[in-house]
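Subject: Structure handover

Hello,

The notes begin with a term that is needed for reading the rest.

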Amino acid sequence: MALKVVRPANYGLLPMGERFAQADSDVLDRHPPVFIVGPPRVGSTVLMQMLSQKLNVSYLRNYHQWVFGFPLLGELIFGGQQSPNLALESEYGSTRGLSGAWEGGEWWYRFFPRTPNYVDEPTARLVDERALLRSVTNWTNGAQRSLVFKNTYASLRIRTLARVFPNARYIHISRGVLGNAHSILEARREALGSYAQWFGLRPPGWEQACLGDAINQVLFQVRQTHQTLVEDFESFGVPTRFVHNVQYEDLCALPEKTIKGVETFVSAFGIRGHVSPSLPGQLPLRQTSRLDSEMHGQLVDRLKSEGGY
């Protein structure tokens, strides 16, 4: 209720602060934004939490829900300090605490239409690219460090992101198909009450996929998101050296090594690490299914029949 009260200000008054603020025109060359992309339920939130502890970056935090119309204001009010002891836990992308990572849906919807999710050529005409560039430039200029964004819907917005931020970098996170599909099915049931309800981003072709059963839908969602990313990176001129791939299973088995790989990637364009507590030696990978036995069995059988298990 409280957030609804401040929403008008975030869409009206607060963006005026970005409009009239002065910013260096080349600040994004020195501090390019970083976008974490991939399908839902691939571990992007825990990756974001680890990076926020290890890197000298700014990012959308839970306190920005109050000032998403002018994110830099949140930095000024709350200090924008790193939080080296954030808990590595979340629920469907949501985290706890004021400094917890926020997916920032309301911030993104200042610039992008809510539907369709995929930015094709007609949809691109509806995107407020100037306001998007102004917001990121203003915030980066005030923070004097790169911004890292974690929102799976960014995976379907490469057309715009590549044009507005030609120097942006991307961290593309993947997960084994079985684990990824299992997690999405679980989220459908627990968050939406039914395996039949679509959960998360809707990649191009999702309408046709909805004609199939729940397993076909989630497998399509995972595969099509990855395929769309790969195709759009190439189509819209994102250099391969601007994309770093992370595998969720590696992140869980060897957190320090995997994050070190990300640190090496981002250090090439000026992002530095900082002293912080060590990450856990490993993160537990669930070995048991929370799906009902029939659904789990059908998922395994489907993947076996495709040679993907």
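Buried means under 20% relative accessible area, exposed means over 50%, and partly exposed is what lies in between, using a 1.4 Å probe and protein chains only. The model is predicted, so to speak of a local feature takes pLDDT of at least 70 and to count a side-chain atom pair takes pLDDT 80 or more, while totals for chains, interfaces and linings use all residues. Residues are numbered from 1 along each chain as its sequence is written, and side-chain values use heavy atoms, with hydrogens and water left out.

Salt bridges

A salt bridge here is a side-chain nitrogen of Lys or Arg within 4 Å of a carboxyl oxygen of Asp or Glu. The search of the whole structure finds 12 of them.

Arg30 and Asp26 form one, at 2.8 Å from N to O. Arg30 is partly exposed, at 34% relative accessible area, and Asp26 is also partly exposed, at 35%.

Another joins Arg145 and Glu75, at 3.9 Å from N to O. This pair links distant parts of the chain, 70 residues apart: Arg145 is in the loop between helix H8 (129–143) and strand E3 (147–150), and Glu75 is in helix H5 (residues 71–78). Helices (H or I, at least four residues) and strands (E, at least two) are DSSP runs, numbered from the N terminus. Arg145 is buried, with a relative accessible area of 16%; Glu75 is buried too, at 7%.

In the salt bridge between Glu190 and Arg189, the closest N and O atoms are 3.7 Å apart. Glu190 has a relative accessible area of 44% and is partly exposed. Arg189 is partly exposed as well, at 28%.

The sheet

Two strands are said to pair if DSSP finds at least two bridges between them. Five strands make up an open sheet with parallel pairing, in the order E2-E3-E1-E4-E5. Its edge strands, each pairing on one side only, are strand E2 (58–59) and strand E5 (243–247).

Within the sheet, strand E1 (residues 34–37) runs parallel to E3 and is joined to E3 by three bridges. Val34 stands opposite Val148 in E3.

Helix H14 (residues 255–267) packs on the sheet and touches strand E4 (169–174) and E5. Contact means heavy atoms within 4.5 Å. The direction of H14 makes about 175 degrees with that of E5; axes are lines fitted to C-alpha atoms, for helices over the stretch in contact, and angles run from 0 to 180 degrees between N-to-C directions.

Regards
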